[in-house]
Amino acid sequence: MNQPDIEAVFVDALQNIAEGVTDLVGFEVAAISVARDDHTLEMVAVAGSSEARDQLLGSRTPIARIERELGSAEAWGDLRFVPHERMSIEVDELSWVPDLELSDDPDVWHPLDLLLAPIRDEQGRLRGLLSVDVPRDRRRPGPGQREQLQRYARQTRRSVLTALERAEFAEQVRLADAARTIVRQVSSELSIGRIIEICQPAVTVGFKAVGMWLQTFDPDSGGADEVYGATDGEIVVPEEFKLLGRKAAGPLWATQEVAVVTDELMPVIAGLDLDADQVARVRDFMATTLEASSMLFVPIGAGQECLGNLALTRRGPSPEWTLVEQQAALEIGHDLGRALVNARTFERERILLEEVRELAGYKSRLITTISHELKNPLTSILGHIEMVESGPDLPDSLSTSISAMGRAADRMRSIIDDLLVLAQVADPETALDPEPVDLAKVVDDVLDLLRVSIDQQELHVVLQAPCTPVCAWGEVDGLFRVCVNLVSNAVKYTPRGGTITTSLAHTPHGIELIVTDTGLGISASDQQHLFQEFFRSNNPAAVAMPGTGLGLSIVHRIVERHRGRIRVSSALGAGTTFVVTLPPAP
């Protein structure tokens with residue numbers, strides 16, 4: 001049942017008890033009131049006189065006033081009798097006074113006599129009141145009538161406390177639902193602003209608040225904290241109050257407590273001593289700027305660390321915060337603390353990633369600049385070498401030297417070309433422009449390009465591919481370079497008469513390109529550094545082969561750029577297999 005349904009059943013039960021008192025115990029009027037959140041007792045059930053019902057039902061009396069009357073009462077077991085001569089409430093403040101004839105007989109019931117049965121919980125708090133008036137015999141009740149009335153009072157106590165427990169449980173469920181909603185929604189959010197945006201409706205509705213602010217502490221300093229508001233208008237929180245919020249939140253988090261601030265009450269918090277001027281400024285800020293009559297101040301944290309605070313405000317005639325609401329707010333402080341930790345971790349990672357991207361961009365630009373500066377004089381050198389080689393009657397010694405210089409210059413040009421490619425594919429600012437690429441056609445083109453080297457080494461080449469196109473989602477030039485580098489490496493490191501197998505397939509994980517050879521193989525220690533720039537194997541047989549140490553690094557960068565994966569399996573003397581997985585074309 002929802003809250004209105006629980007209240008209706010509750011009131012009906014109390015009305016039946018009140019009617020039982022009037023029918024069986026011998027009183028013309030019986031009334032039952034229950035405690036409300038505004039520290040009053042509300043009359044919810046009245047039996048007997050219709051005039052009394054009309055005037056008493058719904059009326060509220062401050063609990064403090066009732067306690068004062070009970071303090072002067074005579075104790076009749078569970079009952080409390082307040083004779084008219086001891087009553088401190090003025091007649092004009094009473095909602096209803098029976099019209100009875102006055103008498104000098106001390107045993108005759110006086111119109112202002114009160115007979116009450118206070119209903120207290122296990123903590124001794126006044127939670128309700130059963131009151132009776134106008135005995136049918138017009139005399140103060142004797143022992144028998146008192147005992148009978150006490151039985152009804154005990155029944156009333158059980159009903160009132162049970163109903164209040166149900167109401168509090170319903171409130172806990174409502175607030176817990178709001179907290180769970182917050183946890184589900186903000187746990188995946190990585191921006192503090194988004195956390196506030198999502199939390200604000202659930203928190204303010206769940207807690208019936210008119211305003212909400214979240215202050216996050218700067219982890220590197222004692223000030224400069226951020227305050228995020230969620231109200232109808234923009235409100236600037238002065239630095240003085242930010243510092244007070246930081247000082248107050250720490251001790252509260254340590255003791256796992258919340259604080260309630262009102263226009264009349266300033267909480268006592270360990271280590272926080274406010275002078276009269278500061279208290280006045282806080283109250284003025286609440287009243288004029290926040291337009292609030294009370295504030296629930298909640299520390300936010302995770303583990304032992306206090307990360308900030310949450311402030312909820314209310315205004316109006318019932319601004320109090322129940323203990324259930326305070327406990328639920330503290331639990332939300334834990335949930336928000338975990339969300340803040342996630343957001344801060346993401347922010348640090350984002351900043352680090354931006355720095356890495358900036359360094360990668362700078363590195364690519366530097367490599368490109370240096371490579372171009374080297375390429376211009378190298379082109380001139382190669383041109384002059386060709387001119388000298390074309391001259392007549394060169395001595396053999398000079399011809400040998402010029403050929404060596406030409407080979408060295410060609411090697412430098414190859415390194416520069418690879419550096420330029422590496423700079424291009426590693427630059428984070430270079431956007432990918434994908435399209436469907438048929439890898440079967442790409443592999444055919446690569447094998448045609450390398451046909452002379454393959455035939456010279458008498459290698460056996462096997463191509464395994466479906467009859468239909470095998471289309472990956474990427475750039476033709478980049479994927480061609482991946483294929484040509486992997487197959488040319490297989491050709492380079494496979495002995496004469498070996499086998500190279502290239503396979504293409506559709507898999508649940510994407511398009512797979514597999515290049516397998518029966519060559520030298522790669523040791524486990526070398527495999528750990530295989531995709532590093534300028535890495536060359538320690539295997540003497542591999543070192544003897546020409547290379548720049550950039551080919552596999554370029555392959556790795558291109559595959560990553562295409563959001564793919566590359567892995568290698570190999571052993572010395574047992575050949576090597578490279579497996580590249582790429583996204584399929586949509």
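Tutor: A residue is called buried if its relative accessible area is under 20%, exposed if over 50%, and partly exposed in between, with a 1.4 Å probe and protein chains only. By that rule, 43% of the 586 residues of the chain count as buried. The model is predicted, so local features need pLDDT of at least 70 and side-chain atom pairs pLDDT 80 or more, while totals for chains, interfaces and linings use all residues. Residues are numbered from 1 along each chain as its sequence is written, and side-chain values use heavy atoms, leaving out hydrogens and water.

Student: What makes F27 and W109 an edge-to-face pair?

Tutor: Rings of Phe, Tyr and Trp (its six-membered ring) pair if their centres lie within 6.5 Å; planes under 30 degrees apart count as stacked, over 60 as edge-to-face and the rest as tilted. The centres of F27 and W109 are 6.4 Å apart and the planes stand at 75 degrees, so the pair is edge-to-face. F27 lies in strand β1 and W109 in the loop between β5 and β6, so the pair ties together parts 82 residues apart in sequence. Strands are DSSP runs of E with at least two residues, and helices are runs of H or I with at least four, numbered from the N terminus. Both F27 and W109 are buried.

Student: Why is the pair of F81 and W109 called tilted?

Tutor: Its planes are at 50 degrees and its centres 6.0 Å apart, so the pair is tilted. F81 is buried, as is W109. Ring pairs link F27, W76, F81 and W109 into a cluster.

Student: How do you know that R314 lies over the face of W321?

Tutor: A charge sits over a ring if NZ of Lys or CZ of Arg is within 6 Å of the ring centre and within 35 degrees of the ring normal. R314 lies over the face of W321, at 3.8 Å from the ring centre. R246 lies over the face of F217, at 4.6 Å from the ring centre.

Student: What makes β14 and β18 edge strands?

Tutor: Two strands pair if DSSP finds at least two bridges between them. An open sheet of 5 strands has the order β14-β16-β17-β19-β18, with mixed pairing. β14 and β18 each have a single partner strand, so one side of each is left without a neighbour in the sheet. β14 is joined to β16 by 5 bridges, and the two run parallel.
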